[in-house]
Amino acid sequence: MSLLPELRYPTEIEVVASARALAAHRPALCTLRQVGRSRAGRPLLLLSVGRAARAVLVVAGAHANEPTGGATLLDVAERVVRERELRADTSWHFLLCADPDGASLHVTPAPRSLFDYHRGFFRPAGQEQPEWSPAVLPPDRLPPETRALTGVIDELRPYLQVTLHGTDLGGSWVQLTKDIPGLAEPFAKSAAELNIPVETGASDAAGWPASGPGVHVMPAPGAGAAYPSMPDDARNSTWYHAHRYGGLTAIVEVPMWASDLVDDPVPHPAPAVALRRLAGRLLQDTLQVERVLTDALPRLPGVDGPLLRAAKWGLELVPGLAADWAHTVPADNTRAYVGSVDAFARRLPLRAASMLLRVLTEHDDRAAPRLERLVATWSEAFAERFRARWVPLEHQIEHQSRTVVAAALHARDRAA
C-alpha cells in the first residue's frame, strides 16, 4: 500500500535554523535564547515574539515520533509576527524542541508508508519523556529537559500552554487540563474543512468529559483512572505545572494518516467483548516480540541504549493494560472508542518490535530479517484495517495551527 506524503517534515536542526532566521529578520520583535541543555548536551531553545506580560507558551517535540509539531510551531510563530492583533497584549513563546536527543533518534522525516515510518521509529521510555517524567520519577531524578520546561513555565507564567502532539493513524483531538469554552466549534470546523476526522473516543482520554466532539477535559486530580495499571498519570505531568499560575494546558493532536473509522459515535453492540478480544490479541502479539528479544539478548552482551530501553518499557506495559481492558467496565461504549483501543493495541507491540529491530539491525543479528517481516506485516495490517489515507502535511500544519490560535484566543477571554 503506497501512502506517499507530498512534503517532508522539517528536522529539529531545520526548525532551529528557521527560528534563527526569523529572529534575525525581526530583531526588535523576536528573540531566540537557550533555556537549558538536554542529557546529551544539546541546547534547548526558546523563540519569543513580543514582550507583553500576558504569555502563551507553545511546546513542540515532546515526543520524537510526532513530527508535525515543529512545522506547526514555525507556522504559528510566523503568523504571530505577521498579525499584530495576535500579539497586541500577548507575548508568544515557542520551545522549539522539548526532546532534541529523542528527535535525533527518530529518523523518518518523510515516511512513505506506515512500514517506512516504523523502520525509523523512536519514542523514549516514559521516565525519559520530558512531559511525562514527573508522573513516574521523584523530583530529584527529573531529566534536564523537564527541569528546563518547568523553569520556562515558572518564568513566563503562561495563561495557556499548548503542547503539539500527533498520532500516526487516526483522527484529531484536543486534551485540556481545564475547559476552554468555545474551542470545540472552531476545532470541528477546521477539521471538517481539511477532511481530517475528529477522534471522538480517543483511548488517551478514556472516561474524560467532553466539551464538544473530540475536545476532552481531564478529570480533576484524585479521580479514578480508566486504565489503573498505567504507571503515568497526565495529572502529574508538566501539563499541570501552568495551574500554579492560574493557567492551563491544551494538547493538540493531529494524525499523519487519517481513518474515518475513529469518529463513529454509534454505540458498539458489545464493547466489553470487543475489548477482551483486543486484550487477547495484544498479549499474543507482544509474546512474539518478547520471544525475539529473549532469543537475541544473549547475543548482545552489554548492549543498552534508549532504543532497547524503550522497547522493553513498552513490552512491560502490556500485561497490566490487557488486564484493564479484559476485566474493567469499558470507559466508553462507542465504536469510535473500541476502534481507538484497537489502534492502541496494535501500536504497543509494533513500536516495541520496531525499536528492537533497529537494535538488531545495528548489530547484524540473525533475528533481524524475521522481525523485519513481522514489522512489515503488522504495519500493512494496521493501515488496511483502518483504511489509512495520508493527510497532506500542509493540512496537518494548518489544522494544528488554527487550533493553537483558537485556543489562545478563547483561553484569553476565559482568563480576562
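Trainee: Which side chains meet in a salt bridge with an N to O distance of 2.8 Å?

Mentor: A salt bridge is a side-chain nitrogen of Lys or Arg within 4 Å of a carboxyl oxygen of Asp or Glu. In this predicted model, the side chains of Arg281 and Asp342 meet in such a pair, at 2.8 Å from N to O. Arg281 belongs to helix 7 (residues 271-296) and Asp342 to helix 9 (residues 335-362), so the pair ties together parts that are 61 residues apart in sequence. Helices here are DSSP runs of H or I with at least four residues, strands are runs of E with at least two, and both are numbered from the N terminus.

Trainee: Are Arg281 and Asp342 buried or exposed?

Mentor: Buried means under 20% relative accessible area, exposed over 50%, and partly exposed in between, with a 1.4 Å probe and protein chains only. By that scale Arg281 is buried, and so is Asp342.

Trainee: How many salt bridges does a search of the whole structure find?

Mentor: The search finds 21 salt bridges. As for conventions, residues are numbered from 1 along each chain as its sequence is written. Local features need pLDDT of at least 70 and side-chain atom pairs count only at pLDDT 80 or more, while totals for chains, interfaces and linings use all residues, and side-chain values use heavy atoms, with hydrogens and water left out.

Trainee: What does the chain as a whole look like in terms of helices, strands and buried residues?

Mentor: The protein chain has eleven helices and ten strands, and buried residues make up 58% of its 416 residues. Contact means heavy atoms within 4.5 Å; among contacts between residues at least 6 apart in sequence, 81% join residues at least 24 apart. The C-alpha atoms fill a box of roughly 60 × 50 × 45 Å, taken along the principal axes.
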